[in-house]
Amino acid sequence: GLSITIMRSDENILQRLDAPTKAPAWPVGSEGNRPPAKFPVAVPPSPSMKDDEILSERQELSKQGCMLEAAIEAAAKELIDLKDNLNDWDSKVGDGDCGTTMYRGATAILEDMKTRYHLNDAAGTVNEIGSTIRKVMGGTSGILYDILCKAAYASLKQNKNITAYEWADALEASIAAVSKYGGARAGYRTMLDALIPASTVLKQSLKAGDDPVTAFIASAEAASAGAESTKQMQAKAGRSSYISPDHLVSIPDPGAMAAAAWYQAAALSVKNKLHASES
């Protein structure tokens, strides 16, 4: 086990913590010759909007801003509706709180979207979603989704005009970052088993000349199929890797199912929004 204590401090407090003592098991001995090691920790970058900053008035959304709003709302609501199913699956293969964790993130995103997301700025919005997730989700999922958002933001911010190809590149960059820091790859029974097929099909479809919405829907179907395929996988990462493979058979990976759910909901919302605007 590992315990970390975080506290506010100053030089007076540090001097007392490092002072010689006969207290049992304290790192500094009675002669004061075993000072504890100190590791400087960099302060993480702040979100683009401070906690006390909110949008002063309702934004006039561009067409892309409306699409982004619809996609985020649909994705979040899908996770909220899926809460109990995710918890049920996770109770069999993990900690039992995947649905609760996703619900916490989804409800916070819906709330922050009203006042904190500049939806006409796609890159900035993705960055703010990462900040929301980092504040409320916790656990491994919260860390990995924050990484995913930050990697997508780094990819998207390089382009002023964000097209479907830039979104495809951002998804690919996100997957690479999650794989790098999370240690998972395709076939490891994680959320990447939904996102990797989605990314592959999205790029293939766009290169084949399909329109962006058709490509998005096709990639969402690939994500769902990838999530379902985790029923037959042996876990090689995450909490499920500690469970006997016999207990995992026929139960999908909750993280993969969650990823496929929000991805597909976003794709369908964009399709419906576009058709509504054209009719």
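Cys-149 counts as buried because its relative accessibility is 8% (buried means under 20% relative accessible area with a 1.4 Å probe, protein chains only). This is a predicted model, where local features need pLDDT of at least 70, side-chain atom pairs count only at pLDDT 80 or more, and totals for chains, interfaces and linings use all residues. Residues are numbered from 1 along each chain as its sequence is written, and side-chain values use heavy atoms, with hydrogens and water left out.

Cys-149 sits in helix H6 (helices are DSSP runs of H or I, at least four residues, numbered from the N terminus). Thr-125 is 24 residues away from Cys-149 in sequence, and their C-alpha atoms are 9.5 Å apart.

Here are the contacts (heavy atoms within 4.5 Å) of two residues, leaving aside neighbours within four places in sequence.

| Residue | In contact with |
|---|---|
| Cys-149 | Val-126, Ile-129, Gly-130, Ile-133 |
| Trp-262 | Ala-75, Leu-79, Tyr-145, Leu-195 |

Trp-262 also turns up in the largest nonpolar core, a set of 66 residues, where Trp-262 is among those with the most contacts inside it, along with Leu-86, Met-102, Tyr-145 and Tyr-263. H11 gives the most to this core, 12 residues. (A nonpolar core joins buried Ala, Val, Leu, Ile, Met, Phe, Trp, Tyr and Cys residues through side-chain atoms within 4.5 Å.)

Technical notes. Helices (H or I, at least four residues) and strands (E, at least two) are DSSP runs, numbered from the N terminus. Buried means under 20% relative accessible area, exposed over 50%, partly exposed in between (1.4 Å probe, protein chains only).
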